[in-house]
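Q: Could we go through this model together, beginning with a single loop residue and moving on to helices, rings and the pocket?

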Amino acid sequence: MQQEKTLSIIKPDAVAKCVIGEINRRFEQEGLRIVAAKMTRLTKKQAEDFYGIHKDRPFFNALVSFMSSGPVMLQVLEGPNAVALNRQIMGATNPKEAAIGTIRADFAESIDHNAVHGSDSLDNAKQEISFFFTPEEVVTYVKNTELA
């Protein structure tokens, strides 16, 4: 299987619920490795630039406000078919439509406060990762089953 990298953002609502560890456990349990991580609070400009593709959509201002309202956990996940696998683990954007046991079904409040962001394609993953991380900040490692 193809090894891929994808961006994951644990959003302010999930950070405030103190579920970062549980979310990361789910990623790792499904075979994704966290190869870069940092907690930050996005500035309004960073949120505007990152979500710029949505600038003409009616929800843009609310999205920018929400994403800059508190700390987020930025991460790069790596593994076989990481983009699709991460999206499966996250669940549908609208938590009311998300499958039972997905991150959004378990932790999201609404379509606007939906706990996590994940890249929707490999091309977008590359762009999104480079928005937040330098190449030097992303590491690759192999799980050592002898130590696990």
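**A loop residue and its surroundings**

A: Glu30 is found in the loop between H2 and strand E2 (33–40). Please bear in mind that this is a predicted model.

Q: Is Glu30 buried, exposed or partly exposed?
A: Glu30 is partly exposed, since its relative accessible area is 45%, and that value falls between the limits of 20% for buried and 50% for exposed.

Q: Which residues does Glu30 touch, leaving out those up to four places away in sequence?
A: With those set aside, Glu30 touches Leu85 and Ile89. Both Leu85 and Ile89 are among the buried residues of H5.

Q: And how far apart are Glu30 and Lys96 in space?
A: The C-alpha to C-alpha separation of Glu30 and Lys96 is 23 Å, and they are 66 residues apart in sequence.

Q: Back to H2 itself. Which of its residues are buried?
A: In helix H2 (residues 20–29), the buried residues are Ile20, Ile23, Asn24, Arg26 and Phe27. Seen down the axis of H2, these buried residues fall within an arc of 155 degrees, so they line one face of the helix.

Q: What is exposed on the other side of H2?
A: Gly21 and Gln29 are exposed there.

Q: Which residue just after H2 has a positive phi?
A: That is Gly31, with a phi of about 100 degrees.

Q: Which residues have a positive phi although they are not glycines?
A: Cys18 is one of them, with a phi of about 60 degrees. Asn81 is another, at about 50 degrees.

Q: Where is Cys18 found, and is it buried or exposed?
A: Cys18 is in the loop between helix H1 (12–16) and H2. It counts as exposed because its relative accessibility is 69%.

Q: Then what about Asn81: where does it lie?
A: Asn81 lies in the loop between strand E3 (72–80) and H5. At 32% relative accessibility, Asn81 counts as partly exposed.

Q: Which residues of H5 are buried, and what do they pack against?
A: The buried residues of H5 are Ala82, Val83, Leu85, Asn86, Ile89 and Met90. They pack against strand E1 (3–10), H2, E3, helix H6 (103–107), E4 and H7. Just after H5, Gly91 takes a positive phi of about 90 degrees.

Q: Moving to H4, which of its residues are buried?
A: Phe60, Leu63, Val64, Phe66 and Met67 are the buried residues of H4. Their arc around the axis is only 165 degrees, which puts them on the same side of H4.

Q: What covers that buried side, and what is exposed on the other?
A: The cover over the buried residues of H4 includes E1, H1, H3 and E3. Asn61 and Ala62 are exposed on the other side of H4.

Q: New topic: how many aromatic pairs are there?
A: The count comes to four aromatic pairs. One of them is formed by Phe50 and Tyr51, an edge-to-face pair with 4.8 Å centre to centre and 90 degrees between the planes.

Q: Why do Phe50 and Tyr51 count as buried?
A: Phe50 counts as buried because its relative accessibility is 11%, and Tyr51 is buried because its relative accessible area is 5%. The cut-off for buried is under 20%.

Q: How is the pair of Phe50 and Phe132 arranged?
A: Phe50 and Phe132 form a tilted pair, with 5.0 Å centre to centre and 45 degrees between the planes. This pair links distant parts of the chain, with Phe50 in helix H3 (residues 44–50) and Phe132 in helix H7 (residues 122–132), 82 residues apart.

Q: Which residues do the ring pairs link into a cluster?
A: The cluster consists of Phe50, Tyr51, Phe131 and Phe132.

Q: Which charged side chains lie over the face of a ring?
A: Arg33 lies over the face of Tyr141, at 5.9 Å from the ring centre. Lys38 lies over the face of Phe133, at 4.8 Å from the ring centre.

Q: Lastly, what is the volume of the largest pocket, and which residues lie nearest its centre?
A: The largest pocket has a volume of about 750 Å³. It is lined by 27 residues, and Tyr51, His54, Phe59, Leu63 and His117 lie nearest its centre.

Q: Which element supplies the largest share of that lining?
A: H7 does, with four residues. At least two lining residues each come from H3, helix H4 (60–67), helix H5 (82–90), strand E4 (116–118) and H7.

Key: Residues are numbered from 1 along each chain as its sequence is written. This is a predicted model: local features need pLDDT of at least 70, side-chain atom pairs count only at pLDDT 80 or more; totals for chains, interfaces and linings use all residues. Side-chain values use heavy atoms; hydrogens and water are left out. Rings of Phe, Tyr and Trp (its six-membered ring) pair if their centres lie within 6.5 Å; planes under 30 degrees apart count as stacked, over 60 as edge-to-face and the rest as tilted. Buried means under 20% relative accessible area, exposed over 50%, partly exposed in between (1.4 Å probe, protein chains only). A charge sits over a ring if NZ of Lys or CZ of Arg is within 6 Å of the ring centre and within 35 degrees of the ring normal. The arc is that of the directions from the helix axis to the C-beta atoms. Contact means heavy atoms within 4.5 Å. On a 1 Å grid over the protein atoms alone, a cavity is a set of points where a 1.4 Å probe fits but cannot get out, and a pocket is an open set with protein on both sides within 12 Å along at least five of seven lines; lining residues have an atom within 4 Å of a point. Grid points are joined across faces, edges and corners, and a volume is the space filled by probe spheres set on the points.
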